[in-house]
Amino acid sequence: RPLTPSCRAGFLRLARAIAAEYPDPKAALDALRGGSAALGELNPVAQRQAVEHAEGLAAASPEGATAFLLSAGRLLDRLDLDELERWVGAGREGLGDQPGAGVAYFRRESGRSHAALRRYSRGVELTQVGDLLRLYCKALSGRDVLIMPTEDLTRKGMGWTAEGQPTTEGSAIYLPSLLQSYPTRQQNFDCLKVCATHQAAHLEFGSFDFRFERPARLFENRRLAAEPEIAAHGAPLTDIERFFDLFGERRMAMDAFTVLEDARLDARIASEYPGIRSALRRVQCDAAGERPSPRTMPLRTALLEALLQHSLDPEAAVELPRHLHPPFSAAWAYLARLQDGDAAVEDTAEAVLRVYAVLQGLDTSAVQVHEWATVEDGPPGTELPEDGYSLHSSGGQSVGSECDKLALPAADDVLARLPRVD
């Protein structure tokens, strides 16, 4: 991006000041080239403020000014413009007394520089709070866990139900290395704590302890009846694999499992830990507001997306084609039953069987213009339409194949969809 006219004039003044003071003309030229390229990566407002800061630094230290320009882009990944001004002010104080230390500050090579960056940034670094969150998650789950950055999980491709998305591995909890979605440091820490709590809940409330033959607590058990005969050489290795083998459209079943199990866990968290309830609610509502519109999706994906969004924010209106209102209400009834404090992961599995049957039952063959409307009466509470839908297992005929992969919330990707504060 070229420099704006107003920024160009300031940069030329800066160049003259640096050229006059730099001991080595070639080094001065190289520094100015690097600074100009770095400014080109910034938006016009950030360009102007960066040049103004550099001009103020150049009188005391031309090297400090060019070091700042080269660092400006990375600094603005962490700081807003007001925070950047405070960070620069803290560094300017040391330029006169200790020029070498001052230049190291603006190169972001000193401990004082990093300390100021942490002090003035609204963002929260995982390296700062990882040990605290590890102890917190251990207290919740009763297990020794590791706190790891999400980048490590993405490289490993771990997770049963959301391939390629950050989730809990079973012995480690994965969180972003930097969180700055909210305008204050406390709100960002609260958001990070909500995500850690949600992942610890997978351990505490048994998401990884699923047993195929263990009865559900709140639902009639249908898993065994739905299971086709399994050849001796084709037996699944794990109980969860055995469960997903019931479904002809495995991706759709995995997405439904993620939505329903997350809803069960979030209800349990809100019940068990009232101190985090308000932060959990804020993060859920913000995530719901950033979700894609069901209007852009195939019918089955649209219904599942509406179920996800309403589980995150039950106060928000649900808009779907009119003929999807009864299936949505049926699916919501199954999800609402999971919000009972006695629900276990086996209940989630039973609810998935039923929601999958609802999705299978949708007629996706006809091309038609759908009349979209708000679900007027709201979804029911816990009255279950037990006999309204039947499951076609992987041994039977599957009805169509029209459910796109759902963009599920991670870390759960809730973080990626929170409003960004620039």
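Which residues does F243 touch, not counting residues up to four places away in sequence? Keep that in mind while you load the model, which is a predicted one.

**Stop 1: the whole protein**

Show everything as a cartoon. The protein has 18 helices and 6 strands. Colour by burial next. Of the 422 residues, 51% are buried. Now think about contacts along the chain. Take those with a separation of 6 or more: residues 24 or more positions apart account for 76% of them.

**Stop 2: F243**

Select residues 239–244. This is helix α12, and F243 is in it. Show the side chain of F243 and the residues around it. F243 touches F210, F212, R223, F257, A349, V352 and L353, leaving out residues up to four places away in sequence. That settles the opening question.

Is F243 buried or exposed? F243 has a relative accessible area of 0%, so it counts as buried. Draw a distance from F243 to L353, C-alpha to C-alpha. It reads 9.6 Å, for two residues 110 apart along the chain.

**Stop 3: A357 in α17**

Select residues 345–360, helix α17, and pick A357 within it. A357 is buried, at a relative accessible area of 4%. The C-alpha atoms of A357 and A253 are 9.8 Å apart in space, while the two residues are 104 apart in sequence.

**Stop 4: α10 against α13**

Select residues 185–204 for α10 and 250–272 for α13. How do these two helices cross? Their axes come within 10 Å, at roughly 105 degrees. Angles of 65 to 115 degrees count as roughly perpendicular, so α10 is roughly perpendicular to α13.

Show side chains at the crossing. From α10, T197, H198, A201 and H202 make the contact; from α13, E261, D262, L265, D266 and I269 do. Colour them by type. The contact of α10 with α13 divides into 3 nonpolar, 3 polar and 3 charged residues.

Look at the spacing of the numbers in each list. An α-helix has 3.6 residues a turn, so residues three or four places apart point the same way.

**Stop 5: α5 against α7**

Move to residues 81–92, helix α5, and residues 111–120, helix α7. The axes of α5 and α7 come within 10 Å and cross at roughly 150 degrees. An angle over 145 degrees counts as roughly antiparallel, so that is how α5 runs relative to α7. The crossing of α5 and α7 is right-handed.

Which residues make the contact of α5 with α7? On α5, select E83, R86, W87, A90 and G91; on α7, select R112, S113, A116, L117 and Y120. By type, the residues of the α5 contact with α7 are 5 nonpolar, 2 polar and 3 charged.

**Stop 6: G91**

Stay on α5 and centre on G91, which is found in that helix. G91 is buried, with a relative accessible area of 0%. Beyond its neighbours within four places in sequence, G91 is in contact with Y105, F106 and R112. G91 and A104 are 13 residues apart in sequence and 9.6 Å apart in space, C-alpha to C-alpha.

**Stop 7**

Step on to R108, in the loop between α6 and α7. Check its backbone. R108 is not a glycine, yet its phi is positive, at about 60 degrees. Its relative accessible area is 26%, so R108 is partly exposed.

**Stop 7: R300**

Finish in α15, residues 299–312, where R300 lies. Is R300 buried or exposed? R300 is buried, with a relative accessible area of 0%. The C-alpha atoms of R300 and L359 are separated by 5.8 Å, although the residues are 59 apart along the chain.

Definitions and conventions. Residues numbered from 1 in each chain as written. Predicted model: local features only at pLDDT ≥ 70, side-chain atom pairs only at ≥ 80, totals over all residues. Heavy atoms only, no water. Axes fitted to C-alpha atoms, helices over the stretch in contact; angles between N-to-C directions. Helix = DSSP H or I, 4+ residues; strand = E, 2+ residues; numbered from the N terminus. Parallel < 35°, antiparallel > 145°, perpendicular 65-115°, else oblique. Left-handed = near helix turned anticlockwise from the far one by under 90°. Contact = heavy atoms within 4.5 Å. Nonpolar A, V, L, I, M, F, W, Y, C, P; charged D, E, K, R; others polar. Buried < 20%, exposed > 50% of the residue type's maximum accessible area, 1.4 Å probe, protein only.
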